[in-house]
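Subject: Handover of a structure and findings

Dear colleague,

Please find below the structure that I am passing on to you. My findings follow it.

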Amino acid sequence: MGQPTASRGRPATPTLGKAMLNKYARAFFTRVLTPFAAFLIRRGVSPDTVTLLGTAGVVAGALVFYPRGEFFWGTVVITLFVFSDLVDGNMARQMGRSSRWGAFLDSTLDRVADGAIFGGFALWYAGSGNDNVLCAVSIFCLASGQVVSYTKARGESIGLPVAVNGLVERAERLVISLVAAGLSGLHAFGVPGIDVLLPIALWIVAVGSLVTLIQRVVTVRRESAEAEAAAPAADQAPEDTAHNSEATS
């Protein structure tokens, strides 16, 4: 699912692994996984390979289990592969490796994993789940998540800070959805009524994603207007300086 971003050459942002593991748990698992990361390095395995395998595991967990309604086991598989966030980051730190390519790969595969998770939900509701409304909500969650990420990346690419966190960002979307899916899966083990958690979570993510998208669009519009208003003033300043110099010479 991608290296911790500080090790991959881009500003630190929450990843799924970071969101699901608090700082104390991360410290513990980092110590536990350091020997394993060192072993992989000695075997010639690269952090990028671990990133790819982690994403493949998440995609498999989502698209093999979720469309069959096996939400508990699907979430277990996905959660296990989330630890690749810690392993590949640990490897990158041990190797002293930081690159634009690593940041690009990390971000790109995050989008792939997101699509697989919400796509798995959509396939379930389009099939055996037999709920077209929740299928549409799942697809909206998938699409809006991609657009929310795009708005920030596009805004930054044109030189704007996009200084807004948003109500529901990637980490929140995935944690809410995966926790709800895992708990909903307990219905298969005889826990009554708990299967309603996933539909509730999907609606929360859908509404939250829409609000976040609006927040980012409004922020980019405001920052763009401010930047354009500041540009003429910046262009005028050198001319004013030149005129003042002539007047005093």
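How many helices and how many strands does the protein chain have? The chain has nine helices and zero strands, where helices (H or I, at least four residues) and strands (E, at least two) are DSSP runs numbered from the N terminus. Along the sequence the pattern therefore reads α-α-α-α-α-α-α-α-α.

Before the details, two remarks on the source. This is a predicted model, in which local features need pLDDT of at least 70 and side-chain atom pairs count only at pLDDT 80 or more, while totals for chains, interfaces and linings use all residues. Residues are numbered from 1 along each chain as its sequence is written, and side-chain values use heavy atoms, with hydrogens and water left out.

Overall features

Of the 249 residues in the protein chain, 40% are buried; buried means under 20% relative accessible area, exposed over 50%, and partly exposed in between (1.4 Å probe, protein chains only). The chain exposes about 12,800 Å², and carbon and sulfur atoms supply 67% of that area. Accessible areas come from the Shrake-Rupley method with a 1.4 Å probe; for residues, only the protein chains shown count as cover. Among contacts with a separation of 6 or more, 81% are between residues 24 or more positions apart, a contact being heavy atoms within 4.5 Å.

Helix α3 has 19 residues, which at 1.5 Å a residue should span 27 Å, and its end C-alpha atoms are 27 Å apart, in agreement. The expected span is 1.5 Å times one less than the number of residues. Buried residues in α3 include Pro47, Val50, Gly54, Gly57, Gly61 and Ala62.

Pro67 lies in the loop between α3 (47–65) and α4 (71–82). Leaving aside residues up to four places away in sequence, Pro67 touches Ala62, Gly120, Leu123 and Trp124. The C-alpha atoms of Pro67 and Ala122 are separated by 7.7 Å, although these residues are 55 apart along the chain.

Salt bridges

Side chains of opposite charge can pair when their charged atoms come close. The structure holds seven salt bridges, each a side-chain nitrogen of Lys or Arg within 4 Å of a carboxyl oxygen of Asp or Glu. One network of salt bridges links Asp110, Arg111, Asp114 and Arg170.

Arg111 is partly exposed at 22% relative accessible area, whereas Asp114 is buried at 5%.

Asp114 also forms a salt bridge with Arg170 (2.9 Å, N to O). This pair links distant parts of the chain, with Arg170 in helix α8 (residues 170–184) and Asp114 in helix α6, 56 residues apart. Arg170 counts as buried at 9% relative accessibility.

A further salt bridge joins Arg216 and Glu169 (2.6 Å, N to O). This pair likewise links distant parts of the chain: Arg216 is in helix α9 (residues 197–248) and Glu169 in the loop between α7 (132–157) and α8, 47 residues apart. Arg216 is buried at 5% relative accessible area, and Glu169 is buried at 17%.

Cysteines

The structure holds zero disulfides, a disulfide being a pair of cysteine sulfur atoms within 2.5 Å. Cys135 counts as buried at 12% relative accessibility, as does Cys141 at 1%.

With kind regards
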